[in-house]
Amino acid sequence: MKEIIVPPDKSISHRAILIGSLCKKPLKIKNPLKAGDTLSTISCLRSLGIRIEEEWGMRSAECGVNEIIVYGKSWKKPEAPLYCGNSGTTMRLLSGILAGLPYEVILTGDSSLSKRPMRRIGEPLSMMGAKFVGDYPPITIEGGDLKAISYKMPISSAQVKSAILLAGLSATGKTSITEPLLSRDHTERMLEFLCVPIKRDGFTISLDGPFEIEGGLEIEIPGDFSSASFFIGAGIILNREIKIKNIGINKTRIGFLDCLKKMGAAFTIENERLICNEPIGDIIINPSRLSGIEVSPKDIPIMIDEVPILSILALFAEGTTIIKGSSELRAKETDRIKAMVLELSKLGARISELPDGMVIEGGYPLKGAGLYSHKDHRIAMALSVLSLKVPGIEIEGKEWADISFPNFYEMISWFKKG
Ligand code: S3P
């Protein structure tokens, strides 16, 4: 059986670096992700005066070698706008921190990030007392004295929830946030690990501020389940046995596995343990046949980034797969519903668009064609998995995989070896 180690978790890496900037004592991060998005976070924080020591010993997929130390609390007003690149997580979570700092800061991004909605953070951060301008990037934030709020989120979004929680650390009073459905809870878990008294009650999280984080601890980052999902998908459609080691298996992230189970996929999870308050384990994928399923809106927040690879698997399932309640996909790095429907149609796939999802009829023959990544890392990787199975697929803009998975093509090439 082939054993695979995928790069460290992008969401958890961002959070560790950003939360490190708020700690009184240095925060050591073991095995952070070195990729386009997390490098954007590091560079923004440096422009804000935060000292970050990097030790990139080996490639990020080789677990446990790389290390970052963040020396927090040395803020200064940046001399120029901060460039967040392609990273929505950088812009939204950093905004939560900036809301509590006494500077006026402009945040910009690349052409994709410039089309992504920021009102979702602007509204709650303004209610807390920050001055926030811009529904789309560039945005301007002038932080200051914040007051705590009780906020009912209109959508489930870990980025919005995290921005409010981070702002809540500098606000006076009890900040309380309620989501319609639970989104990934990495921020809550990391704050708990760093001894911040967070209260959780169903879909509501609260914390009393202001609260200063002591830091002085070490955070180890697990493998990224979203990166692993491409190998899980490849293993299934190519009928290979693979083991993906040291992967984050946080329940708020692995909705994709719940769907695969319903589709009839055979997998097991072993060696389950907790590191730094995050559940991790090894996932073993066995050859299996899939059937189409209906994915309901309540399944979406915990598998949001895996919908593109799920749509690829649905092409090889017997019967129809219907994905609903995923209109948030239209607000990602590209409109991922439109992009997948457009690209897969070029191969002759029977796929159609719904306002909030897609319908895919599995089991029909596909023919090779030239495809486009839409400058979106997850679309690039999902289509590349498909190209392992369908001859004659060429993908323009493959290199966008670097945003979260710099050595993706080198690693995926193992499947081509027969
Ligand atoms: C992320 C949350 C998700 C996800 C994104 C990373 C995070 O976005 O799609 O890739 O790190 O918090 P939303 O919170 O906007 O759904």
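The largest pocket holds about 530 Å³ of space. The model is a predicted one. Its second largest pocket has a volume of about 290 Å³. One cavity of 30 Å³ or more turns up as well. Helices H1 and H5 both give two or more residues to the lining of the largest pocket.

**Largest pocket**

- The lining of the largest pocket is made up of 37 residues.
- Nearest its centre lie Ser-156, Ser-157, Ile-304, Glu-328 and Lys-332.
- Four elements each supply two or more lining residues: H1, helix H3 (88–98), H5 and helix H11 (377–389).
- By class, the lining has 15 charged, 13 polar and nine nonpolar residues.

**Second largest pocket**

- Sixteen residues line the second largest pocket.
- Those closest to its centre are Ser-288, Arg-289, Leu-290, Phe-316 and Ala-317.
- Its lining divides into nine nonpolar, four polar and three charged residues.

**Largest cavity**

- The largest cavity contains about 40 Å³ of space.
- Its lining consists of Ile-12, Arg-189, Met-190, Ile-219, Glu-220, Ile-275, Cys-276 and Glu-278.
- Helix H6 (186–193) and strand S16 (218–220) are the elements that give two or more residues to this lining.
- Five of the lining residues are nonpolar and three are charged, with no polar ones.

**Helix H1**

- H1 spans residues 10–20.
- The helix is largely enclosed by the rest of the structure, because eleven of its eleven residues are buried.
- The buried residues include Lys-10, His-14 and Arg-15, along with Ile-17, Leu-18 and Ile-19.
- At the start of H1, a side-chain oxygen of Asp-9 comes to within 2.9 Å of the backbone nitrogen of Ser-11.
- Is Ser-11 buried or exposed? Ser-11 counts as buried, because its relative accessibility is 9% and the cut-off for buried is under 20%.
- Leaving out residues up to four places away in sequence, Ser-11 touches Arg-184, His-186 and Arg-253.

**Helix H5**

- H5 covers residues 158–168 and is mostly covered, with eleven of its eleven residues buried.
- Among the buried residues are Gln-159, Lys-161 and Ser-162, as well as Val-160, Ile-164, Leu-165 and Leu-166.
- Ser-157 caps the N-terminal end of H5. One of its side-chain oxygens lies 3.3 Å from the backbone nitrogen of Gln-159.
- Ser-157 is also one of the residues nearest the centre of the largest pocket.

**Nonpolar cores**

- In soluble globular proteins, nonpolar side chains tend to be buried together.
- Here the largest nonpolar core has 70 residues.
- Which residues have the most contacts inside this core? They are Phe-231, Ile-232, Leu-260 and Leu-344.
- Helix H7 (residues 225–237) gives the most to this core, with eight residues.
- Setting aside neighbours within four places in sequence, Leu-344 is in contact with Ser-311, Ile-312, Leu-315, Ala-349, Ile-351, Leu-383 and Leu-386.

Conventions: Residues numbered from 1 in each chain as written. Predicted model: local features only at pLDDT ≥ 70, side-chain atom pairs only at ≥ 80, totals over all residues. Heavy atoms only, no water. Buried < 20%, exposed > 50% of the residue type's maximum accessible area, 1.4 Å probe, protein only. Polar contact = N/O pair within 3.5 Å; in protein donor to acceptor, adjacent residues only side chain to side chain. Core = buried A, V, L, I, M, F, W, Y, C linked by side-chain atoms within 4.5 Å. Contact = heavy atoms within 4.5 Å. 1 Å grid on protein atoms, 1.4 Å probe; cavity = no way out; pocket = protein on both sides within 12 Å on 5 of 7 lines; lining within 4 Å. Points joined across faces, edges and corners; volume = space filled by probe spheres on them. Nonpolar A, V, L, I, M, F, W, Y, C, P; charged D, E, K, R; others polar.
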